[in-house]
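This briefing concerns the structure shown below. Its points are grouped by topic for reference alongside the sequence and coordinates.

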Amino acid sequence: MEQLSSFVRHPLFRPLAALALLLAVDFFMIPGFFRLEWKDGHLYGSLIDIVNRAAPLILTALGMTLVIATRGIDISVGAVVAISGTVAALLIGGTLQMHGGVQEYASRIPMAWAIAAALGAALLCGVWNGFLVSSLGLQPIIATLILMVGGRGLAQLLTDGQIITVYYQPFFYLGSGYLFGLPFSLYIALGVFLVVAMLMRKTALGLFIQAVGINPVASRLAGIRTAALIFFVYMFCSACAGLAGLMISSNIKSADANNAGLLMELDAILAVTLGGTSLGGGKFSLAGSVVGALIIQALTYTIYSMGVPPEVNMVVKAVVVFAVCLSQSKEFRHLMPRLFGAGSKVRRSTGKE
C-alpha cells in the first residue's frame, strides 16, 4: 500500500497516466492501433509513426526544459528549426551527375559540412538569445520574440519564399531512415536524452540550474556563474532545435521556411509543462518532457486518425495549456478546496432545511 502511494505521488505518474489513457482511447477508437508489422527490414505501425514524428519535438522539449528551469522561455525554437533546415537544404541540394554510366544525385558540398553549418547557424541563434538575456538583461520572452520574428524572416529571405527541394538520398536517412528495425531519429533523440540526463545527474550542472531557477540572485552570491549558465542553456536549446530542423527537413525532403517549425514553440512548452517542469523555474524533469512530447504527438495522431478537422487540434492544445497553467497555480490550488467546501456546506444546510 505504501509503495502504491509513493508511486502515485511520483512526478511522472500524472504524465504517464495521461499517456496511458490516451493510448487506451486509441485502442478502442482506431482499429489496429497497436498492430506492428515487419516489412523490408523494419517495423511498421501506429506506435512507430508516433515515436518517429515525436523525435524532433522531444529534442526541442529537452532544450526548452533547461531554459524553463532557469525561469526563462524560448519562443524562437520554431524559427531556429526553419533556419537550420534551410541552411542544410541550400548546401546539400542535389545535382544530377553521371557515375559509371548511371545517373545519381550528389550533394553540393560534403553532407557532414552541410550538417555542421546548419547546427552552427542554430548555435549562433542560441548565442544571440543568450547574449540578450544573460548579458543585456532583456526579458526572455522579449529577447526570443526578436529571433522568432526575425529568424523566420531570414529563412524566408534565404529561400526567396520558395520551398527548397533536396535530392540527396543519404540526407533522407537522418529523418526517415531505420536502424535495427526502428527509426534512426529515435536513436538520436534517445542519445541526446541520455547525455543530458547524465550531465544533470552525474555533475553539478543540474544542481546549478535548479539553484538559478529558484533564486538567481542568491545563486550568484553563492559563487555560481549565473550569466554563463543562462547563456549555455539558450545555446543548448537552439542546438536541439537545429537538430530537430535537420530531422524535419530530411523527413519531408525539402526546406519550407514558411511552415517548418511553425508554432513548435507552443508544443515544446506544452510538452515541458505536461512533464511536470515548473514554469516558475527550479523544478524540472527531462523524462517528463519526453513523456509530454509523446502525449502531444499521440494526441495529434488521434485527432487526425479520427477524421477530426485539423483546426480542432489547436483548440485542444489551447485547452490543455490552460489546464496545465491552472494546475501549476498555487492560488488556484488553494481556491479549489474553498469552492468545494463552500458547495458542500450549502448542500448540507439545504438538506437540513
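**Aromatic pairs and overall architecture**

Across the whole structure, a search finds 6 aromatic pairs. The model is a predicted one. Its protein chain contains 15 helices and 8 strands.

**Aromatic cluster**

- Ring pairs connect Phe27, Phe28, Phe33, Phe34 and Tyr301 into a cluster.
- Phe27 has a relative accessible area of 48% and is partly exposed.
- Phe28 counts as exposed, because its relative accessibility of 69% lies over the 50% cut-off.

**Chain-level figures**

- The protein chain has 353 residues, of which buried residues make up 44%.
- Taking the contacts between residues at least 6 apart in sequence, 74% join residues at least 24 apart.

**Nonpolar cores**

- The largest nonpolar core comprises 75 residues, and the members that touch the most others are Leu66, Phe171, Met200, Ile209, Leu246 and Leu286.
- With neighbours within four places in sequence set aside, the contacts of Ile209 are Leu66, Ala69, Thr70, Met200, Leu229, Val233 and Phe284.
- There is also a second, separate core of 10 residues, with Val291, Ile295, Leu299 and Ile303 among them.

- In helix 7, which spans residues 169-176, the buried residues are Phe171, Phe172, Leu174 and Gly175.
- These residues lie on the same side of helix 7, because they cover an arc of only 145° around the axis.
- The packing partners of the buried residues of helix 7 are helix 3 (46-69), helix 4 (77-92), helix 5 (111-135), helix 8 (184-202) and helix 11 (226-252).
- Phe171, listed above among the core residues that touch the most other members, is one of the buried residues of helix 7.

- Lys253 is placed in the loop between helix 11 and strand 8 (254-255).
- Lys253 is not a glycine, yet has a positive phi of about 60°.
- The face of Phe172 has Lys253 lying over it, at 4.8 Å from the ring centre.
- The relative accessibility of Lys253 is 36%, so this residue counts as partly exposed.

**Thr165 in strand 5**

- Thr165 belongs to strand 5, which consists of residues 164-165.
- Not counting residues up to four places away in sequence, Thr165 touches Gly93, Lys253 and Ser254.
- The C-alpha atoms of Thr165 and Ala255 are 6.5 Å apart in space, although the two residues are 90 residues apart in sequence.
- Thr165 is partly exposed, with 37% relative accessible area.

**Leu263 in the following loop region**

- Leu263 is located in the loop between strand 8 and helix 12 (264-274).
- A positive phi of about 60° is found at Leu263, which is not a glycine.
- With a relative accessible area of 39%, Leu263 is partly exposed.

- Ser107 is part of the loop between strand 4 (102-106) and helix 5.
- The relative accessibility of Ser107 is 15%, and the residue therefore counts as buried, the cut-off being under 20%.
- Ser107 and Ile92 are 15 residues apart along the chain, with 4.7 Å separating their C-alpha atoms.
- Apart from neighbours within four places in sequence, Ser107 is in contact with Leu91, Ile92 and Tyr168.

- Strand 1 (residues 36-39) and strand 2 (residues 42-45) run antiparallel and are joined by 4 bridges.
- Within this pairing, Glu37 of strand 1 stands opposite Tyr44 in strand 2.
- The two strands form a hairpin with 2 residues between them, and Asp40 in the turn has a positive phi of about 55°.

Conventions:
Residues are numbered from 1 along each chain as its sequence is written. This is a predicted model: local features need pLDDT of at least 70, side-chain atom pairs count only at pLDDT 80 or more; totals for chains, interfaces and linings use all residues. Side-chain values use heavy atoms; hydrogens and water are left out. A nonpolar core is a set of buried Ala, Val, Leu, Ile, Met, Phe, Trp, Tyr and Cys residues joined through side-chain atoms within 4.5 Å. Buried means under 20% relative accessible area, exposed over 50%, partly exposed in between (1.4 Å probe, protein chains only). Contact means heavy atoms within 4.5 Å. Two strands pair if DSSP finds at least two bridges between them. The arc is that of the directions from the helix axis to the C-beta atoms. Rings of Phe, Tyr and Trp (its six-membered ring) pair if their centres lie within 6.5 Å; planes under 30 degrees apart count as stacked, over 60 as edge-to-face and the rest as tilted. A charge sits over a ring if NZ of Lys or CZ of Arg is within 6 Å of the ring centre and within 35 degrees of the ring normal.
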